[in-house]
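Grab the structure and work through these exercises with it. Each one has a task and then a solution in steps.

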Amino acid sequence: MLSHGVACSAHERIALAGRIEGMFSAFSMAVLDTALGFQSARGVTGDILEIGTFRGKCAALMAQHLRPGERLTLVDIADYLDRAALEP
């Protein structure tokens with residue numbers, strides 16, 4: 001689910017994140033997307049923290065799984081985040 005409430009498929013979520021430069025492979029994106037979907041299906045809720053954000057490729061995927069009231073916090077020692085690529 002996109003953070004603004006529009007559901008989309010795993011393929012669409014991975015394609016959106018894939019537009020961002022980074023070191024997160026398509027395989028790794030699929031594994032993370034599956035794990036977050038598994039948690040969601042079982043009612044696991046809560047905020048997400050990413051340490052080592054780089055350009056935000058992984059963050060873009062995780063953000064699509066946020067539910068209302070949940071937060072995604074991104075931490076890195078430098079500001080390489082590609083904010084324009086994260087806009088819907």
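Before starting, one term: contact here means heavy atoms within 4.5 Å. Also keep in mind that this is a predicted model.

**Exercise 1. Find where the confidence of the protein chain is lowest and where it is highest among its elements.**

Step 1: Start with the overall picture. The mean pLDDT of the protein chain is 83, with 85% of its residues at 70 or more.

Step 2: Go element by element. Helix 4 (residues 83-86) has the lowest confidence, a mean of 70, while strand 1 (residues 48-51) has the highest, at 95.

Step 3: Check the start of the chain. Over residues 1-6, pLDDT stays under 50, and the model has 12 contacts for them beyond four places in sequence. Where pLDDT is low, the predicted coordinates should not be read in detail.

**Exercise 2. Work out which residues of helix 1 are buried and what covers them.**

Step 1: Pick out the buried residues of helix 1 (residues 10-18): Arg13, Ile14 and Ala17.

Step 2: Look at their directions. They span an arc of only 95 degrees around the axis, so they sit on the same side of helix 1. As a reminder, an α-helix has 3.6 residues a turn, so residues three or four places apart point the same way.

Step 3: See what lies over them. The cover includes helix 2 (26-41) and helix 3 (57-63).

**Exercise 3. Describe the surroundings of Asp33.**

Step 1: You'll find Asp33 in helix 2, and its relative accessibility is 5%, so Asp33 counts as buried.

Step 2: List its contacts, skipping neighbours within four places in sequence. Asp33 touches Ala10, Arg13, Ile14, Leu61 and His65.

Step 3: Zoom in on Arg13. The side chains of Asp33 and Arg13 make a polar contact at 2.6 Å.

Step 4: His65 and Asp33 are 32 residues apart in sequence, with 8.3 Å between their C-alpha atoms.

**Exercise 4. Is Arg19 buried or exposed?**

Step 1: Locate Arg19 in the loop between helix 1 and helix 2.

Step 2: Use the cut-off: exposed means over 50% relative accessible area. Arg19 has 53% relative accessibility, so Arg19 counts as exposed.

Step 3: Arg19 and Ala60 are 41 residues apart along the chain, and their C-alpha atoms are 9.7 Å apart.

How values were computed
Residues are numbered from 1 along each chain as its sequence is written. This is a predicted model: local features need pLDDT of at least 70, side-chain atom pairs count only at pLDDT 80 or more; totals for chains, interfaces and linings use all residues. Side-chain values use heavy atoms; hydrogens and water are left out. pLDDT is the predictor's confidence in each residue, from 0 to 100. Helices (H or I, at least four residues) and strands (E, at least two) are DSSP runs, numbered from the N terminus. Buried means under 20% relative accessible area, exposed over 50%, partly exposed in between (1.4 Å probe, protein chains only). The arc is that of the directions from the helix axis to the C-beta atoms. A polar contact is a pair of N or O atoms within 3.5 Å; within protein, one must be able to donate a hydrogen and the other to accept it, and residues adjacent in sequence count only if both atoms are side-chain atoms.
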